[in-house]
Amino acid sequence: MISFSVSLVLLVLGYVVYGRYVERVFSPDDRPTPAVSRADGVDFMVLPGWKIFMIQFLNIAGTGPIFGAIMGAKFGPVSYLWIVFGCVFAGAVHDYLSGMLSVRHGGANLPDLIGHYLGGGTKQAMLLFSVLLLMMVGAVFVYSPAEILTSVWEPAFVRETMGRNVFWIAVIFIYYIIATMMPIDKIIGRIYPLFAFSLMFMAIALMVVLFAMQPDLPEVWTDWGNMGAERLGLKDSLFPCLFITIACGAISGFHATQSPLMARCLKSERQGRRIFYGSMITEGLVALIWATVSMYFFYGKPSAGYETIAAATNGVHTSAPALVHIICNEWLGVVGGVLAMLGVVAAPITSGDTALRSARLILADFLRYKQHNIKRRLAICIPMFAVVMALLVWQMSDKDGFQKIWSWFGWSNQALSVFTLWMLTVYLVKSGKNFVITLVPALFMTTVCATYLLISHQALGLPPQVAYAIGGVVCLVSLILFIGWYRKERESR
């Protein structure tokens, strides 16, 4: 519990100290925000600061800091280091600067920002990449909550005639369609704060139980390295798999697609650190708590569900919902369990619908197709939802479909963060600001994504030594190319 306690303190200090420094680097001021200058009553409108924070937190959370942390905890307490340092020095910086840059560019979406700083060709590639990622998020975040809800209740006649999970998938999909097209204050602005509270309550309640139990857990200094390989037969390598598995609790490119939604609702730029940096730190706290609870089940003394989790052979993804169900019911009691389940079910659903909302806005901006009435929003949504449905049908028809789409979602998620970090680095260089705060994370995540693509059995599947060597070369080449560009940029001033 010492590693866990120290990690909690470091995350809070990260927000107070490093978050304030990053804010000074960006230098927010009192210029009119898009919510004021471009108010349209649908996507651009001023919302209360506390409500924006809750919506932003729920948008970026989903099942990421829960399922990702559960899967990442199999590596052992080394996951604490990635959650803390990844969140403070990479993820929160990534979220804050991408959100504030959107504010400065009139609420621009991520592909437009990338195109502005990295060029038109990169913009087109990122537009396609980000829309596909967002639709993948929609598909992934339909299935996982439907699976949990089905374990609670499902109409027998629907299961017998159409199959397992179909009822809840249909319900969630209908909600997606409605929430994606409605003005942001009608559904998102009203119910998201409640769901965000549920997710926070669940994390706080689990933390209280942990401190009350004081379980004997592995510590960073006593169990350094990949514990999963030794104790659970985990075949994934620590590097780079840990940094792909725990994404939303450390750094996630998906967040940069969500920040523009709230960038269009800020009344003042000075709210940015609390909303963008703060919501990422909060997500890191949630991930840290779930990683600790999971390590109790994986490496602590045997408890109800230890055998269920340890014996799972279909991959870590299928075991995560089982662990969530066990904890919510056995640790938090009936009332706490219901509220906690509300959080763990609502979180992915709400992330899914805001992902599809972002996809709609990105496509509309690309097509220059205004979204002021529902007919125009339907024109974008209908083909988009058809693609999401096709992904969902494929996912359900393949017994390993969920695992495959989640794995590629994880890599795509981190690859998007690479482009966002390089875009932010270019912005900081051009603005004469401290670019090191994004350059170092950009180089690291470039290496992680390149190495994963080389080493993963779903991609090239190269031997680890070869993958690591090529990954190191990719990092070095990226640094050399940046230095060359930086010198030209300085000479041109």
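Q: Of the contacts in the chain with a separation of 6 or more, what share comes from residues 24 or more positions apart?
A: This is a predicted model, where local features need pLDDT of at least 70, side-chain atom pairs count only at pLDDT 80 or more, and totals for chains, interfaces and linings use all residues. Residues are numbered from 1 along each chain as its sequence is written, and side-chain values use heavy atoms, leaving out hydrogens and water. A contact means heavy atoms within 4.5 Å. Among contacts with a separation of 6 or more, residues 24 or more positions apart make up 83%.

Q: How many helices does the chain have?
A: Helices (H or I, at least four residues) and strands (E, at least two) are DSSP runs, numbered from the N terminus. The chain has 0 strands. Its helices number 21.

Q: Is Thr292 buried or exposed?
A: Thr292 sits in helix α14, residues 272–299. Leaving aside residues up to four places away in sequence, it touches Phe4, Tyr80, Leu210 and Leu217. Buried means under 20% relative accessible area, exposed over 50%, partly exposed in between (1.4 Å probe, protein chains only). Thr292 has a relative accessible area of 0%, so it is buried.

Q: What share of the 493 residues in the chain is buried?
A: In helix α18, the buried residues include Ile380, Met384 and Val388. Across the 493 residues of the chain, the buried share is 61%.

Q: Where does α18 bend by about 30°?
A: The bend is the angle between axes fitted to the seven residues ending at a residue and the seven starting there. A proline, Pro383, follows within four residues of the bend. The bend in α18 is at Cys381.
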